[in-house]
Amino acid sequence: MSVTAAQGFTAAGIAAGIKENGDPDLALVVNNGPRLAAAGVFTSNRVKAAPVLWSEQVLRGAAVGAVVLNSGGANACTGPKGFQDTHATAEKVAAALGGDANAGEVAVASTGLIGILLPMDKLLPGIDTAVAALSPDGGEDAAVAIKTTDSVHKTATVSQDGWTVGGMAKGAGMLAPGLATMLVVVTTDADVDSATLDKALRAATRTTFDRVDSDGCMSTNDTVLLLASGASGLVPGYEDFAEAVRTVCDDLARQLIGDAEGASKEIRVEVVGAASEEDAVEVGRSIARNNLLKCAIHGEDPNWGRVLSAIGTTRAAFDPDRLNVAINGVWVCRNGSVGEDRDLVSMKGREVRITADLSSGTETAVIWTNDLTAEYVHENSAYSS
């Protein structure tokens with residue numbers, strides 16, 4: 001049930017008419033308490049959408065009673081009017097929910113075309129419809145409503161010892177690291193305060209969403225929120241809770257790569273033998289963003305020379321004559337030169353594993369990416385994104 005797997009949450013997903021094709025395009029997630037604790041991470045892009053600027057302010061209060069999300073328009077690069085529309089959206093949610101709800105505790109997230117104002121004459125009435133549709137079973141509908149170029153909706157849950165962490169995500173393009181790389185809402189009924197949520201969320205995103213690098217393009221709207229209702233009445237140990245959050249985030253991150261625009265291969269880039277974790281991440285990211293290599297993987301060509309070329313563009317510590325590269329378990333490069341016969345490499349499967357050994361230390365990192373295909377080029381030339 002996605003974001004409603006945890007007790008204390010209701011959700012809805014409806015078609016408000018934002019998308020011209022009539023598909024669902026407005027989601028609402030409500031935290032019914034008793035706790036309204038929250039944490040969030042956002043894009044590090046210096047060009048930030050109005051909903052990001054608004055939600056960053058909301059999160060400073062560490063309390064979120066509701067999240068409203070729309071697809072069909074990013075409300076990015078829309079000037080003062082775009083921010084006013086975001087404020088009006090939060091105000092409308094608070095008014096529609098009634099009771100003690102207030103706009104300062106409503107986070108807003110948007111996804112879609114950049115540079116276009118949202119149709120507020122459709123969005124605001126849609127909020128009334130979404131409030132009327134709120135349900136403890138509404139998590140799946142909410143996950144469907146935030147899709148853009150996604151082919152499937154993405155959800156994940158983990159339950160243990162009477163408490164649950166559940167989440168939903170959208171994203172199929174513009175996936176590149178920057179604290180967060182898409183729209184994600186994660187919920188829990190554990191009785192956890194905002195400081196603990198923040199610590200667990202940042203630890204989780206650092207090794208999951210932040211290491212998904214589909215196309216090297218960073219969005220203006222990236223948002224990951226973690227909300228706690230405390231409805232289970234249980235206070236888990238930090239390590240158990242943080243691992244549950246990390247597991248949900250990791251599951252969602254893998255689903256994002258699996259649904260990347262036009263992809264036919266999922267590529268796991270593991271860097272080992274690095275002098276530092278920073279070196280391992282930098283090298284992994286460089287390999288993941290090498291378009292020549294991504295094309296070679298699409299063509300099922302174990303072109304390890306392109307891996308070495310990508311490593312060589314980084315500031316990481318290594319000796320070129322001690323680099324080793326394996327593709328699907330075959331060490332095609334040894335000591336910076338020819339290794340095992342590249343014809344031994346089978347690349348017929350969906351997943352391709354690249355291991356780059358820097359022979360400079362003991363640190364490791366894993367980055368996930370995908371191949372570069374004609375379908376990706378077609379989708380991003382034929383579709384305004």
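Q: Before we look at the sheet, what counts here as a strand, and when do two strands pair?
A: Helices (H or I, at least four residues) and strands (E, at least two) are DSSP runs, numbered from the N terminus. Two strands pair if DSSP finds at least two bridges between them.

Q: What kind of model is this, and how are residues numbered?
A: This is a predicted model, in which local features need pLDDT of at least 70 and side-chain atom pairs pLDDT 80 or more, while totals for chains, interfaces and linings use all residues. Side-chain values use heavy atoms, without hydrogens and water, and residues are numbered from 1 along each chain as its sequence is written.

Q: In which order do the five strands of the open sheet run, and which stand at the edges?
A: The pairing in this open sheet is mixed, and the order is 3-9-8-7-6. Each edge strand has a single partner, so one side of it is left without a neighbour in the sheet; these are strand 3 (37–42) and strand 6 (154–160).

Q: Is Thr187 buried or exposed, and which backbone oxygen does its side chain reach?
A: Buried means under 20% relative accessible area, exposed over 50%, and partly exposed in between (1.4 Å probe, protein chains only). With 0%, Thr187 is buried. Its side chain reaches, at 2.8 Å, the backbone oxygen of Val3.

Q: How do the rings of Trp163 and Phe241 pair: stacked, edge-to-face or tilted?
A: Rings of Phe, Tyr and Trp (its six-membered ring) pair if their centres lie within 6.5 Å; planes under 30 degrees apart count as stacked, over 60 as edge-to-face and the rest as tilted. Here the centres are 6.0 Å apart with 50 degrees between the planes, so the pair is tilted.

Q: How many residues apart in sequence are the parts that this pair ties together?
A: Both Trp163 and Phe241 are buried. Trp163 lies in strand 7 (residues 163–170) and Phe241 in helix 6 (residues 238–258), so the parts tied together are apart in sequence by 78 residues.

Terms used:
A polar contact is a pair of N or O atoms within 3.5 Å; within protein, one must be able to donate a hydrogen and the other to accept it, and residues adjacent in sequence count only if both atoms are side-chain atoms.
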